[in-house]
Amino acid sequence: MTEFEEQQALAFIKKKISDNNITWEELIARRKDNTVSKIRQELCYVLHEIYKLSYPNIGKLLQRDHAAVLKNARKFQNGLTSTYSGYTDAKALARDRQDT
């Protein structure tokens with residue numbers, strides 16, 4: 001991961017934290033708070049699909065191993081069909097979510 005990619009990813013993470021009124025500590029905590037878990041799942045998915053970061057690199061940012069990152073990304077992806085029906089790819093979802 002280049003320094004530029006890392007800075008972009010961190011900026012996205014910080015915006016997501018701010019938008020959801022949680023702290024960095026809550027995001028990386030091992031607790032399984034439902035709200036924070038869903039945010040973490042979305043971050044893993046978007047960082048991989050849109051920012052094209054590898055699962056190990058996302059894990060370094062979120063202080064998780066690559067298997068946990070992969071599991072979170074898949075959980076979010078599986079929920080897309082029920083929660084965001086009509087979206088077929090991550091870019092369309094991200095674009096529409098930024099417009100709101």
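The model is predicted. The chain has six helices and zero strands, and the pattern along the sequence reads α-α-α-α-α-α. Of its 100 residues, 36% count as buried. The exposed surface comes to about 6,500 Å², with carbon and sulfur atoms supplying 48% of that area. As for contacts between residues at least 6 apart in sequence, 57% of them join residues at least 24 apart.

I'll start with helix H3. H3 covers residues 34-49, which is 16 residues, and spans 22 Å from its first C-alpha to its last, close to the 22 Å expected at 1.5 Å a residue. Its buried residues include Val-36, Ile-39, Leu-43, Val-46 and Leu-47, but also Arg-40, Gln-41 and Glu-42.

In soluble globular proteins, nonpolar side chains tend to be buried together. Here the largest nonpolar core has 21 residues, and the members that touch the most others are Ile-13, Leu-27, Leu-47 and Ile-58. H1, H3, H4 and helix H5, residues 66-83, each give two or more residues to this core. Which element gives the largest share? That is H3, with seven residues.

Not counting residues up to four places away in sequence, Ile-13 touches Trp-24, Leu-27, Leu-43, Leu-47, Leu-61 and Leu-62. Leu-61 and Leu-62 are among the buried residues of helix H4, residues 55-62, together with Asn-57, Ile-58 and Gly-59. Just after H4, Gln-63 takes a positive phi of about 55 degrees.

Is Phe-12 buried or exposed? Phe-12 counts as buried because its relative accessibility is 18%, and the cut-off for buried is under 20%. Beyond its neighbours within four places in sequence, Phe-12 is in contact with Leu-43, Val-46, Leu-47 and Tyr-51. Phe-12 and Leu-43 are 31 residues apart along the chain, yet their C-alpha atoms are separated by 8.6 Å.

Back to H3, for the arginine. Arg-40 sits in that helix and is buried, at a relative accessible area of 5%. What does its side chain reach at 2.8 Å? It reaches the backbone oxygen of Leu-27, and Leu-27 is also one of the core residues that touch the most other members. Leaving aside neighbours within four places, Arg-40 is in contact with Glu-26, Leu-27, Ala-29, Arg-31, Leu-62, Arg-64 and Asn-72.

Last, the charged pairs. Side chains of opposite charge can pair when their charged atoms come close. How many salt bridges does the structure hold? There are two.

One joins the side chains of Lys-15 and Asp-19, at 2.9 Å from N to O. These two are four residues apart in helix H1, so about one helical turn separates them. Asp-19 is partly exposed, at 49% relative accessible area.

The other joins the side chains of Glu-42 and Lys-16, at 3.0 Å from N to O. This pair links distant parts of the chain, since Glu-42 lies in helix H3 and Lys-16 in helix H1, 26 residues apart. Glu-42 is buried, with a relative accessible area of 10%, and Lys-16 counts as buried at 11%.

Key. Residues are numbered from 1 along each chain as its sequence is written. This is a predicted model: local features need pLDDT of at least 70, side-chain atom pairs count only at pLDDT 80 or more; totals for chains, interfaces and linings use all residues. Side-chain values use heavy atoms; hydrogens and water are left out. Buried means under 20% relative accessible area, exposed over 50%, partly exposed in between (1.4 Å probe, protein chains only). Contact means heavy atoms within 4.5 Å. Accessible areas come from the Shrake-Rupley method with a 1.4 Å probe; for residues, only the protein chains shown count as cover. The expected span of a helix is 1.5 Å times one less than its number of residues. A polar contact is a pair of N or O atoms within 3.5 Å; within protein, one must be able to donate a hydrogen and the other to accept it, and residues adjacent in sequence count only if both atoms are side-chain atoms. A nonpolar core is a set of buried Ala, Val, Leu, Ile, Met, Phe, Trp, Tyr and Cys residues joined through side-chain atoms within 4.5 Å. A salt bridge is a side-chain nitrogen of Lys or Arg within 4 Å of a carboxyl oxygen of Asp or Glu.
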